[in-house]
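Work through the exercises below with the sequence and the model at hand. Each task is followed by a stepwise solution.

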Amino acid sequence: MSNDLKEIFTGGNGGAPPAPAALAAKVRTLAPSMTRSMQRVAEAVAGDPAGCAALTVTGLAELTGTSEATVVRTARLLGYPGYRDLRLALAGLAAQQQSGRAPAVTADIAVDDPIADVVAKLAYDEQQTLADTAAGLDTAQLGAAVSAMAAARRIDIYGVGASSLVAQDLAQKLLRIGLVAHAMGDPHLSVTNAVLLRSKDVAVAITHSGSTGDVIEPLRVAFEHGATTIAITGRPDGPVSQYADHVLTTSTARESELRPAAMSSRTSQLLVVDCLFVGVAQRTYETAAPALAASYEALAHRHSPRSR
């Protein structure tokens, strides 16, 4: 083994590796963007952390039919300085699973499943999606995004398809605490408005794939005009990230025939949106609290029984 490979195997980049609980979330989020050989390594460590923790780098390479270099590259992509750090995380994850295993249920819904099974499977998968998103969310990036939005003159939010519903949800929340926010669902309107953004403005792009052109284009325009840009995406290595000052990563759940990606992506996106909203409301509490109270008051009569 070369000295370079020895250094890689033992780590040394100084970065703090993710906690063991975040490993499975990292694998689910990053696997689609990996090479097939790296996917085999990632799937192996996520599927059998105890067994893989007992293997040397050579053993894991042989198990997955890959090379030692591929194992190391996978470990680094998952956020670990070297294979030794990944093995420690695997041991920690195995211990956590032994102390409290998740229920043996999957979201592979069959066309003839009883409705009770559908509910159980979807509920479990939604819970896993939320847990994975929370585990993988970079709170430093989240805090920076909150600060920018709290001080913004104007906030434009871009999303198409299912992500447009999430964009509208964020805009409505921000409007209720007195911020100027617009959800842009029309690609042409998004670009023409992005041209007007400046350094005191914020642009938010919501795209699960990270490669939706109708969302990337206005974000690029906003970025080039000096606005602070934020991407909420399931693919942090996707094209959208090159125009984002802050990237907030959502979980990438596995698709099935009866459960398209739009369902799981929306769940994780809404969690990030709620985190942004609550963070902004905290930062602007003196104005946000009265505005929210006033909006509740304005709608109170619509929720009361009508007198006959």
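**Exercise 1.** State the handedness of the crossing of H3 and H6, then describe how the two helices pack.

Solution. H3 and H6 cross in a right-handed manner (the near helix is turned clockwise from the far one by less than a right angle). Helices here are DSSP runs of H or I with at least four residues, strands are runs of E with at least two, and both are numbered from the N terminus. The model is predicted, with local features requiring pLDDT of at least 70 and side-chain atom pairs pLDDT 80 or more, while totals for chains, interfaces and linings use all residues. Residue numbers start from 1 along each chain as its sequence is written, and side-chain values use heavy atoms, without hydrogens or water.

Next, take the geometry. H3 covers residues 36–47 and H6 residues 68–77; their axes are 9 Å apart, at an angle of about 70 degrees. Axes are lines fitted to C-alpha atoms over the stretch in contact, and angles run from 0 to 180 degrees between N-to-C directions. H3 and H6 are therefore roughly perpendicular (65 to 115 degrees).

Last, list the contact (heavy atoms within 4.5 Å). H3 supplies Ser-37, Met-38, Val-41 and Ala-42, and H6 supplies Thr-70, Val-71, Arg-73, Thr-74 and Leu-77.

**Exercise 2.** Which residues does Val-204 contact, leaving aside neighbours within four places in sequence?

Solution. The partners of Val-204 are Ile-155, Asp-156, Ile-157, Tyr-158, Leu-170, Ile-230 and Ile-232. Val-204 is also among the residues with the most contacts inside the largest nonpolar core, which has 30 residues. Such a core joins buried (under 20% relative accessible area, 1.4 Å probe, protein chains only) Ala, Val, Leu, Ile, Met, Phe, Trp, Tyr and Cys residues through side-chain atoms within 4.5 Å. H13 gives the largest share of this core, six residues.

Key. Parallel < 35°, antiparallel > 145°, perpendicular 65-115°, else oblique. Buried < 20%, exposed > 50% of the residue type's maximum accessible area, 1.4 Å probe, protein only.
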